[in-house]
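I opened the notebook to look up a few positions in this model. Entries follow in the order I made them.

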Amino acid sequence: VKRENQEEITATSLLCYFKAYTALYAAGDLPQPKTVVNATAEANNMAAKAQAFKTYTRTMERQCSTKRMLSDEQFAIAHKAAVEAAMGAFEGSKKMGSADLSNTFKESLAGEINDSHKFFVQNNRLKNMLGAFKTPIVLLAAMLIGMLAGWLCNKFWLSAFSSLFYNFALLAFTCLTIWVINIAQECRFDLLNTIAGMVDTMADTAWMQAKERGIEMVRLKME
């Protein structure tokens, strides 16, 4: 394991050093010792910034890895924790150079985190958009199927089965109501959000099964 300043050098850190020294020797002249030290300090801070930014992205990816959309409050908490972890990683890294140089890279890190934050916000909202179409469609289809099946059973004097299908339609309606309330409340309540997440999971499973059955039927007709 390669070490610099008593810290392990990662592939990202090594790339930062290569870039700094390549730029330093690009002129073709042998640089002054002071210039080499400055380049090393810059590369050192650059590597610390890169590692800290990776800490932020990994923390956010872990927090946002679920299929459910995070509420604004939950997302803000996740972002704050990720920023603190990233800044802590940057501050905790042993760096060369002056405090002004370190502050310059710290400000650059904050800018990159801000840009990445916008990406995670959009990704979180996209989850809501996808769920906004899939789950209600599945639940509405389940309601219609239950009501239609119940009506047909009544028509043919199968009242026991009719009640079963009507209860199935009522369950689908209840799930849809909970899901809509959760979205309207921006997923602020943990219990409601957990139940809505279970509804999303069931709807996603039903969606995938229906999709696979549809593909199977199309393939059989083509044959």
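Leaving aside neighbours within four places in sequence, which residues is phenylalanine 75 in contact with? I found Met60, Cys64, Leu70, His117, Phe120, Val121 and Asn124. Contact here means heavy atoms within 4.5 Å.

Two notes on the source. This is a predicted model, where local features need pLDDT of at least 70, side-chain atom pairs count only at pLDDT 80 or more, and totals for chains, interfaces and linings use all residues. Residues are numbered from 1 along each chain as its sequence is written, and side-chain values use heavy atoms, with hydrogens and water left out.

I looked up methionine 60 against phenylalanine 75. They are 15 residues apart in sequence and 9.2 Å apart in space, C-alpha to C-alpha.

Next, burial. Phenylalanine 75 counts as buried because its relative accessibility is 7%. The cut-offs: buried is under 20% relative accessible area, exposed over 50%, partly exposed in between (1.4 Å probe, protein chains only).

I then turned to the helix. Phenylalanine 75 lies in H3, residues 72-92; helices are DSSP runs of H or I, at least four residues, numbered from the N terminus. I listed the buried residues of H3: Phe75, Ala78, His79, Ala82, Ala86, Met87 and Phe90. They cover an arc of only 160° around the axis, so they sit on the same side of H3. The arc is taken from the directions from the helix axis to the C-beta atoms. On the face turned away from that buried side I noted the exposed residues Glu73, Ile77, Lys80, Glu84 and Gly92.

Methods. Helices (H or I, at least four residues) and strands (E, at least two) are DSSP runs, numbered from the N terminus.
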